[in-house]
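Subject: Handover of a structure and its findings

Dear colleague,

Please find below the structure that I am handing over to you.

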Amino acid sequence: MKIDLDDVANAVLFFAVFIGIWQLVFVLGIWPKVSLPSPYAVGESFAEVILNYTLFKGIGITLGRLVVGFLISIALGTVIGLAMIKFKGFGKTMSSISAGLLSFPSIAWVPFSILLIGFNDAGILFVVIMSSIFSITISTYSSVRNIPPIYIDAARNMGAKGFSLFLHLTIPAATPSLIIGIRQGWSFAWHAIIGAEILMSIVGLGHILSVGREFQDMGLVIASMITIFTIGLLVDRLLLFKLEEKIRSRWGLSSDR
Amino acid sequence: MNPKIKFIIAGIIIASVIAVSLVTHSNSLFSLNETTTRADVIRIGYFPNINHAQAVIGLGNGDFQKALGNVKIETQIFEAGPSAIEALFANQIDVTYVGPNPAINGYIKSDGKILRIISGAASGGAVLVVRNDAGINSVEDFSGKKFSSPQLGNTQDVALRAYLLKNGYKTTENGGNVEVIPAKNSDILTLMLKKEIDGAWVPEPWGAKIIKEANSRIFVDERDLWPQGKFVTSHIIVSTKYLQNHPDVIKKLLAAHVDETQWINQNKEESFKVFNEELEKITGKTIPEDELQEAFSRMEITYDPVKESLFKSASDAFDIGFLGDTRPDISGIYDLKLLNEVLEEKGLEPIP
Amino acid sequence: MVFTGDFQLTKLEAKNITKYFQHETHRIKALDGINLKVEDGEFVCIVGPSGCGKSTFLRIVAGLESKEEGEVFFDGKPVTATGPERILVFQEGALFPWLTVSDNVEFGLKIAGIPKNERREISSRYLDMMQLTKFANSYTYQLSTGMKQRVAIARALAMDPDVLLMDEPFAALDAQTRDLLLVEMQLIWERTKKTIIFVTHNVAEAVVLATKVVVFSNRPSVVKKEVVIDYRRPRLVEDQNLAKFQQDVMKELRPEVKAGSKNQP
């Protein structure tokens, strides 16, 4: 992993200036203390939830739900996407529906989920799945459809058919496009889990944020927000971005060759 | 600018921030955010609930505005206490009807600076209801059960958790086996109907509603837990700044509030009707007559803030872990001077 | 097995192949009863005007395209489905960008369930033959067009097909690479003794490679003439003696090209 010193310096300076301005604004009392806490107060909140393990438990629960929900989205989404290809009529209809539901606000699923599934983990998973599955169906459908037919011809000519055609041709050929859908699905799932946890959970990162708000503890609110931001960023940058880059460079799509 | 210099600058900034933090902690040195108040406008918050009946009726039918004369009333409706407190902090309202625990939180969070309680509004009217088929016959049967309260940290939530603690139960977040799920009052009804929870500590008229519609009964009438069956469930708080700047306006408001309180108590039947009329204007819905009757049978519209019950409630909240590490001092939370002036002028007993 | 008079084996026979295309509102007859016999070990080049359906015919033989009428016989038995005994080398190579060069060459072998060491041995052999050993672990984007075509040929040969079908494989190459490959192709043919059907629009190329050149007419296409190229090997494209054969082919081809340019859609 090449670390560009210049990039790091820029990031660190940006961060420092940001904190500096924050501290200055606070010291000047432009906003009341209960609306904008000091960096110190946020630090205190962080220390508190780290030391009483609440933060780690919260992160664990949130990520656990997220991973389960997202994996289900990928599995179901892929199956639906492939069904859309096999059954053309279904494909066309489902394509429109998916497009509509793709950007359906995740929290709008919450009341429905509470009534249909319940105020529990399954209900939260439902919200996560409904928020992310359409990214997967759409990207599976279009990725597979956009495989150049000449690849399929070549593979079939060499004896691939049925499952081996699927495994050795369809999946690898669709992967660069699929991974884009997966990244999008992940970010939708991340939005959804936090929103769902604020509205219908008694544990997890979203809930910690909600507790901060209930008790007018802005330090905790901001500490939660920072945690949520950091985790979302880390997963995307360290995992998904790298995966996408690796695939793209192998295909020769990368911009720095 | 080469990276080294950037790192150095960053380092200097961060070191300064840390230094300032360690010296000032969470205290700002200046206060550029003086809250402004206006003598000709008063912004009043309240909930569309029966325990804010004086506000629902008096603000709705113009009684309060009449009493305040030239001072224009702007109202804001809230669904729950913490939102009202937020609004007070953000200087979006000056006065609000609210429950006790959110007021306590706000007072503590602002180091006692931002609000004062100036009057009571309602006492009683909270019950622990359980489903008849939940298998709860005595307090011994609570293990593994699920209960709801209207919001994390609100008055009923504290009452519920205090009750559990008192009877030796721990909630699931604390390693115990009783689950407490905060949910909106309307969701609580749904959860009871779907049998997803076994019971809930709710304010009226939700107690009456759940009993009627969700095959439930009263397990605890909270009045039984308090001396003389009195405990504050709603009161009036005001921003300290506004109180300091415009005591005359507040006094007029309190007078209107006391008058409304008297009228409701002396005209029960008619007050139900008027209440429903005003409620419908706000929410588009009314409360069925029988539920109103039953709800009112368990509560009292009053101007007595029932101070002792608040202090006990704060103590309970602290024991639950809601109020931080040191037992808070809220002795300065009440300012009943103006209320007592009004009561004396009307020939009524002052509040001690 | 079908015996001709010369006791040679007819490897592949196309009988009465007819194909229509839907173009906007009307049907166009592309192939009008193509009849062609290819003996085992022959190197047949098909030439014809642009758009006459040579590639389509090749794809039908490969089993990748349907036909309205006619039959394809392989070793005397009719075939419709595609299969590894008739491997097609595409115009653009169709190498898989997610695989290394050697993985590409081994693709069909892997599908056939051949174990790893054997696969590796086979792919090395053919990469050697195509002088691409150094690039075994490269990815396809790192190769030039000429190299990609050589990999495509290696991939096809690794399958050890009975019939090698080649669809204008050198069309996208520069003249120098093409000339080199023309020599290589002859050597490969002599070494492997495969039956090859090679489609091209380049008459000089056809005459260098083929044992016989088949001229397709303009659309709707039939086989106009088969020109046997009876000349020693290896043939070099600059060899003047080949000019006579080129003229023979051009005599048949030119009128078709002229006619074809009149009715382009």
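In helix 5 of chain C, the residues C:Arg178, C:Leu181, C:Met185, C:Ile188 and C:Trp189 are buried (a residue is buried if 20 or more other C-beta atoms lie within 10 Å of its own, exposed if 12 or fewer, and partly exposed in between, with C-beta atoms placed from the backbone). They cover an arc of only 95° around the axis, which puts them on the same side of helix 5 of chain C; the arc is that of the directions from the helix axis to the C-beta atoms. On the other side of this helix, C:Gln176, C:Leu187, C:Glu190 and C:Arg191 are exposed. Helices (H or I, at least four residues) and strands (E, at least two) are DSSP runs, numbered from the N terminus.

This is a predicted model, in which local features need pLDDT of at least 70 and side-chain atom pairs count only at pLDDT 80 or more, while totals for chains, interfaces and linings use all residues. Residues are numbered from 1 along each chain as its sequence is written, and chains are lettered from A and ligands numbered from 1 in the order in which they are written.

The buried residues of helix 5 of chain C pack against strand 3 (43-47), helix 3 (116-129), strand 8 (195-199) and helix 6 (203-209) of chain C. Contact here requires that the C-beta atoms of two residues, placed from the backbone, lie within 7 Å. The 18 residues of helix 5 (residues 175-192) of chain C should span 26 Å at 1.5 Å a residue, and the end C-alpha atoms are 25 Å apart, which agrees; the expected span is 1.5 Å times one less than the number of residues. After helix 5 of chain C comes C:Lys193, with a positive phi near 55°.

Chain C also holds an open sheet of four strands in the order 2-1-4-5, with antiparallel pairing (two strands pair if DSSP finds at least two bridges between them). Strand 2 (26-39) and strand 5 (77-78) of chain C stand at the edges, each with a single partner strand, so one side of each has no neighbour in the sheet. Strand 1 (residues 10-23) of chain C runs antiparallel to strand 2 of chain C and is joined to it by 11 bridges. Within strand 2 of chain C, C:Lys29 stands opposite C:Tyr20. Helix 1 (residues 54-62) of chain C lies across strand 1, strand 2 and strand 4 (69-74) of chain C, at about 120° to strand 1 of chain C. Axes are lines fitted to C-alpha atoms, for helices over the stretch in contact, and angles run from 0 to 180 degrees between N-to-C directions.

In chain B, five of the six residues of strand 1 (residues 41-46) are buried. This strand pairs in the parallel sense with strand 2 (residues 72-77) of chain B over six bridges, where B:Tyr46 stands opposite B:Ile77. Strand 1 of chain B also pairs in the parallel sense with strand 3 (residues 95-98) of chain B, over two bridges; there the bridge partner of B:Ile44 is B:Val95.

Chain A has 10 helices and zero strands. Its C-alpha trace spans about 75 × 50 × 30 Å along the principal axes, and 42% of its 257 residues count as buried. Helix 9 of chain A is mostly covered, with nine of its 10 residues buried. Those buried residues pack against helix 2, helix 3 (54-86), helix 8 and helix 10 of chain A, together with helix 4 (81-89) of chain B. Helix 9 of chain A is followed by A:Gln216, whose phi is positive, near 50°.

Between chains A and C, 16 residues of chain A are in contact with 20 residues of chain C. Helix 7 of chain A gives the most to the side of chain A that touches chain C, with six residues. Chain B and chain C do not touch, and their nearest C-alpha atoms are 35 Å apart.

With kind regards
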